[in-house]
Amino acid sequence: MTINEAQDEVIEEFSDFTDWMDKYQLLIDLGNEQEPLDEKYKTESNLIDGCQSRVWLQADYNEGNIVLTAESDALIVKGIIALLIRVLSGHTPQEILDADLYFIDRIGLKDHLSPTRSNGLLAMVKQIRMYALAFKTKEQMG
């Protein structure tokens, strides 16, 4: 599945709900369904700067693709990172760098997050792109 196909799937899921309380519940459910992050990855270096709650993001490079895992101590944030993982994990560094994450606007996430959560979301995306860039550079030097 391409990044855009995954985004379209997310948009479709969220379009089933008109009430934002239901959308928040969907986010919380998505976060709860996520595998917990292995304790060994809950390190200072995996903590994302710019998030109000604590978010750990682990990126592994597996046969040309980046595999993302994450954990947060906040329910909504856990759901947001679950969405990002669903859309971006398992893709090449270049695909991640080229991705236009339009689903964030389309599901109305940006409008319904507090400014601090919105900043956190941007920080998560930025961190994922930084990992992608690092792996891409490593690939080229390979």
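Trainee: Let's start with Q7. What does Q7 touch, leaving out residues up to four places away in sequence?
Mentor: Q7 touches V87, D100, L101, Y102 and F103. Keep in mind that this is a predicted model.

Trainee: Where does Q7 sit?
Mentor: In helix α1, which covers residues 3-15.

Trainee: Is Q7 buried or exposed?
Mentor: Buried. Q7 has 0% relative accessibility.

Trainee: OK, the model is predicted. What is the mean pLDDT of the chain?
Mentor: The mean is 94. Residues at 70 or more make up 100% of the chain.

Trainee: Where is confidence lowest, and where is it highest?
Mentor: It is lowest in helix α6, residues 115-141, with a mean of 93. It is highest in helix α4, residues 93-98, at 98.

Trainee: Back up a bit. How many helices and strands does the chain have?
Mentor: Six helices and two strands.

Trainee: In what order do the elements run?
Mentor: From the N terminus, the order is α-α-β-β-α-α-α-α.

Trainee: And overall shape? What does the C-alpha trace span along its principal axes?
Mentor: About 50 × 30 × 25 Å.

Trainee: How does the radius of gyration fit a compact globule?
Mentor: It agrees. A compact globule of 142 residues would have a radius of gyration near 14 Å, and this chain has 15 Å.

Trainee: How much of the chain is buried?
Mentor: Buried residues are 46% of the 142.

Trainee: What about contacts between residues at least 6 apart in sequence? What share joins residues at least 24 apart?
Mentor: That share is 65%.

Trainee: Now helix packing. What describes two packed helices?
Mentor: The angle between their axes and the distance between the axes.

Trainee: Then take α1 and α3. What are their numbers?
Mentor: Their axes come within 8 Å and cross at roughly 140 degrees. The two helices are therefore oblique to each other.

Trainee: Which residues meet there?
Mentor: From α1, I3, A6, Q7, E9, V10, E13 and F14. From α3, L83, R86, V87 and L88. So Q7, the residue you began with, is part of this α1 and α3 contact, because 'meet' here means heavy atoms within 4.5 Å.

Trainee: How do those residues divide by class?
Mentor: Seven are nonpolar, one is polar and three are charged.

Trainee: And α2 with α3? What are the angle and the distance?
Mentor: Helix α2 is residues 20-33 and helix α3 is residues 75-88. They pack at about 70 degrees, and their axes are 7 Å apart.

Trainee: Why call them roughly perpendicular?
Mentor: Because angles of 65 to 115 degrees count as roughly perpendicular. That label therefore applies to α2 and α3.

Trainee: Which residues make that contact?
Mentor: On the α2 side, Y24, L27, I28, L30, G31 and N32. On the α3 side, L75, I76, K78, G79, I80, A82, L83 and R86. By class, that contact has nine nonpolar, three polar and two charged residues.

Trainee: What is K23 in contact with, beyond neighbours within four places?
Mentor: F14, F17 and I107.

Trainee: How far is K23 from L109?
Mentor: They are 86 residues apart in sequence. In space they are 9.2 Å apart, C-alpha to C-alpha.

Trainee: Change of topic. Where is L113?
Mentor: In the loop between α5 (103-106) and α6. L113 is buried, with a relative accessible area of 9%.

Trainee: What does L113 touch, not counting residues up to four places away?
Mentor: I76, I80, S118 and L121.

Trainee: And S118? What does S118 touch, on that basis?
Mentor: K110 and L113. S118 lies in helix α6. S118 is buried too, with a relative accessible area of 16%.

Trainee: How far is L113 from L30?
Mentor: They are 83 residues apart in sequence and 17 Å apart in space, C-alpha to C-alpha.

Trainee: Last one, E63. What is its phi?
Mentor: Positive, at about 50 degrees, although E63 is not a glycine.

Trainee: Where does E63 lie?
Mentor: In the loop between β1 (55-62) and β2 (65-72). E63 counts as exposed, at 78% relative accessibility.

Definitions and conventions: Residues numbered from 1 in each chain as written. Predicted model: local features only at pLDDT ≥ 70, side-chain atom pairs only at ≥ 80, totals over all residues. Heavy atoms only, no water. pLDDT = per-residue confidence, 0-100. Helix = DSSP H or I, 4+ residues; strand = E, 2+ residues; numbered from the N terminus. Axes fitted to C-alpha atoms, helices over the stretch in contact; angles between N-to-C directions. Parallel < 35°, antiparallel > 145°, perpendicular 65-115°, else oblique. Nonpolar A, V, L, I, M, F, W, Y, C, P; charged D, E, K, R; others polar. Buried < 20%, exposed > 50% of the residue type's maximum accessible area, 1.4 Å probe, protein only. Rg over C-alpha atoms; globule rule 2.2 N^0.38 Å.
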